[in-house]
Every structure is written in structure tokens, then in C-alpha cells.
Amino acid sequence: LSGALASPTRKALLADLKATLPTLEHLAFEPAAGDAVEEAAKASYGQSVVIQPRLAKAKVILSLGADFLNGEDPEALGAWGAKRRLKNAKDEINRLWVLEGSLTLTGTNADVRVPITPSRLGAMAFALAKELNSKGISLPAGTDLSAISAGLPAELRDSAKTWANLIKDLQHAGKNAVVLCGAQMPAEVHQAAHLLNTMLASEAVVVRATEPLATLKDLEATAKGMADGRYAAVIFWDVNPAYTFPRAVAWKDAVAKVPFRAWIGEVEDETSAQCQWLLPENHWLESWGDFKTEGADVLQQPTIGTLYDTRQGEDVFLGAIKVLGGQAPASYHAFLQGRWQVSLPAGTSFEQALHDGLVKVASKAAAPAFKGASVTAAAKRAADSKADGMELVIFPGFATFDGRHATNSWLQ
């Protein structure tokens, strides 16, 4: 069980480990990501995806509880701001619509902000899709919005002009319009956002396939497997489920039934306390690594040598491959270098790539196709949703995130 794998070489290493040990199961879990994003992606595209805004191309932005101006995405923040700083009288300013519950930084900067409870955002977004369809914008094949009532949503009965202007804005902007959804919103809101962007053929958002993340249901199944004695060993790598799993006592009891328990990390935590073997890991500034972004492969190299008696988590798994009878280089540095040398463009050495920090690459993967048939169930759930009483929306903390940085006193 690990955190999200942003590194292609780290993914390749775990693939090699699984080839050596075919019974290995790997889950990547990020508690702050929430299950709604993953569930909506798999329903809408049949796989996990990452949504990347390209707001430099956006003339109209509709936020469904998405606080994209909170500073977590500097590129989106900069692109939105650039469209607000007009250089001459002919430049067009972008327009920002925000439908949200609790007030966010993005909401305070909106041209039009409409307070909507999160549980009703899905119905509102699907109603918007139905209205756009009635204005001539095609629905994807297989899309059924019969569960959604036509006309003005009840929440906007006193704001008919606002609703009409929003529809007109999106229709007029077309491919230069984009709909963004907050990670904390329900799954049906995410599916509605995917549908609207597909209908508009938005060029202001990029949909890319990504590695799947485990949901809470996956962890529930894993906990049951541990409790039933299905696993002989478990390794926790840079993840703390003993803290983040909702039923902490049940998790602790399940983990205790696994014969071999190992933990790899920097700072002892609730999960390490349940393990027999603690393997201290390098700080990321002492480590090798790589990342893949749109248009570039990026290298990470250590800025300092190891200060303590630690090693990279990847080196632990390379050692495991050797013990299990597989072939592996002496260090993760060598493993990383070997993978990069195979894929580097002609005339570019590893040393040159390391000097430059990155290698520009053309994006080869086509955007996954939207599955219109997935909308039916989501639209029905959205239509049946009721806004009763107060609703709580929980965001990761800006300082301690999901709690993993709580040991850093500078962030308190």
C-alpha cells in the first residue's frame, strides 16, 4: 500500500516486482483525493483520468464548487489572471461563473456567484446540459437525461435572468468554455462536468489517462482480506492508513492478523506503530526520481547526500527483487538511468538530460472517449437528491493537508 505514484520509473519498478512475485497486490491510496473523482472518471471514461485546465483558452469558466484560485494550481491561477489584465481595448476579458455552497476564494472573484448546496449541484449541472441540448448542442451518443426536469431549476426560481445568461454565455463561448468541478463534490457533479465539457468540445481542458487510485471501498476489501488471513505480508510505503481509515479500530485489528508487517517512511506514525519492521527512508531532497508532465519528462536528483542511515524506498524493493531471484541493478540511480537511456531522443545523453532537468516530449496518448451511457444513473441520482438542513464540505488543510504534515511545527 503506497501513496500515488507520480513517477514513471517507480511504477516500472513495482511492475518488475510484480513480475518477480505474481501474487503481489498493489494499492495506491490518497485519502485527500476522495472517492468521487475516481468513481466519476471510471464511469465517464472507463478509466482513471486527470483533468487539467487550460484557462488561457477559456472565455467562459463555470466552477461547480471548484476553488481553482486558491493557489494549488499556479498555472490555472496565472492563466485566469492574464485574461483579466487587458493590454488594449480590443482584448476580451474572461467571465467567471461560480455555483458553490461555502464561499471560496474563487467565489469571491466571480463575475456571477450563485449559492447552491453541494447536494443539488449535480441536478443543476445536468439541467444545464439539457438546456444546452435544447439550444442545439448535441449530447454524446447514448446520453439519457430524461430523469432531469426541463426548464428553470427550483433553486433559481427568483433568478431566471441569471440562468438564461449562463446558458447564453456557455452556448456562445462553445469550445472556449470550460466547466470545472471541485474534488469534494459528489460523483454525479463530476460526471455532469465531464458531460458539459464533452458537449462544448472544450479546448480549455485536457483529459489525460492516469494511474488509478484506491477508493475507500478498495481499502475496506483489503481490510477484510487481512482480517480473513488472506495476506502473509503487508508493506506500507509513505502512507498512513491507520490514521486515515475511518474505522481505525477495525483496521488495527485486521493489520494485526498479517504475519509480516513492514513500514517504509520518514517519520514514525500510527501505521509504523502497528508494524514489526521499520525501514527509514530518504528525504525527497536526498533522492533520485522522475515525473511525467504534459510535454516533458522531468528528472529529480539529490541536492545533498543522506544525513542519516536511510535509503530510498525504491532501493528496498530492488533488493527484494534480487532476493526473489529477479534481475535488478545495484541501485535505484542505476535503475533510473537505465530506463532513461533507452527512451532518450537520439543525440541526448543522460548527463545532458540531468543538466537540463527535463526532456521535451510530444504527447502521444489520445484523450479517452466519454461514455454517454454512464450519464443515466448519475442523472437519476442527481435528480433524486434533496437539500435537507446543513451540509458539510471538508477540504484538505493548506498547512497540514490530510494530516501528514502535522509533525512540522512550521506549518501549524
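In this predicted model, a polar contact of 2.8 Å joins the side chain of Ser2 to the side chain of His26. Ser2 itself belongs to the segment that precedes α1 (8–20), and because its relative accessibility is 3%, below the 20% limit, Ser2 counts as buried. When neighbours within four places in sequence are left aside, the residues in contact with Ser2 are His26, Leu27, Ala28 and Phe29, together with Trp237 and Val239.

Leu24 is placed in the loop between α1 and α2, and with a relative accessibility of 24% this residue counts as partly exposed, because the value falls between the limits of 20% and 50%. Apart from residues up to four places away in sequence, Leu24 touches Leu14, Leu17 and Lys18. Leu24 and Tyr231 are separated by 207 residues in sequence, whereas their C-alpha atoms are 9.8 Å apart in space.

The largest nonpolar core comprises 45 residues, among which Leu62, Leu64, Phe126 and Leu170 have the most contacts inside it. At least two residues of this core come from each of α2 (35–45), β2 (60–64), β3 (95–100), α5 (118–134), α6 (160–173), β5 (177–181), α7 (187–200) and α14 (375–384), and the greatest contribution, 9 residues, is that of α5. For Leu64, the residues touched, not counting those up to four places away in sequence, include Leu99, Leu121, Ala125, Val179, Leu180 and Ala193.

Notes:
Residues numbered from 1 in each chain as written. Predicted model: local features only at pLDDT ≥ 70, side-chain atom pairs only at ≥ 80, totals over all residues. Heavy atoms only, no water. Helix = DSSP H or I, 4+ residues; strand = E, 2+ residues; numbered from the N terminus. Buried < 20%, exposed > 50% of the residue type's maximum accessible area, 1.4 Å probe, protein only. Polar contact = N/O pair within 3.5 Å; in protein donor to acceptor, adjacent residues only side chain to side chain. Contact = heavy atoms within 4.5 Å. Core = buried A, V, L, I, M, F, W, Y, C linked by side-chain atoms within 4.5 Å.
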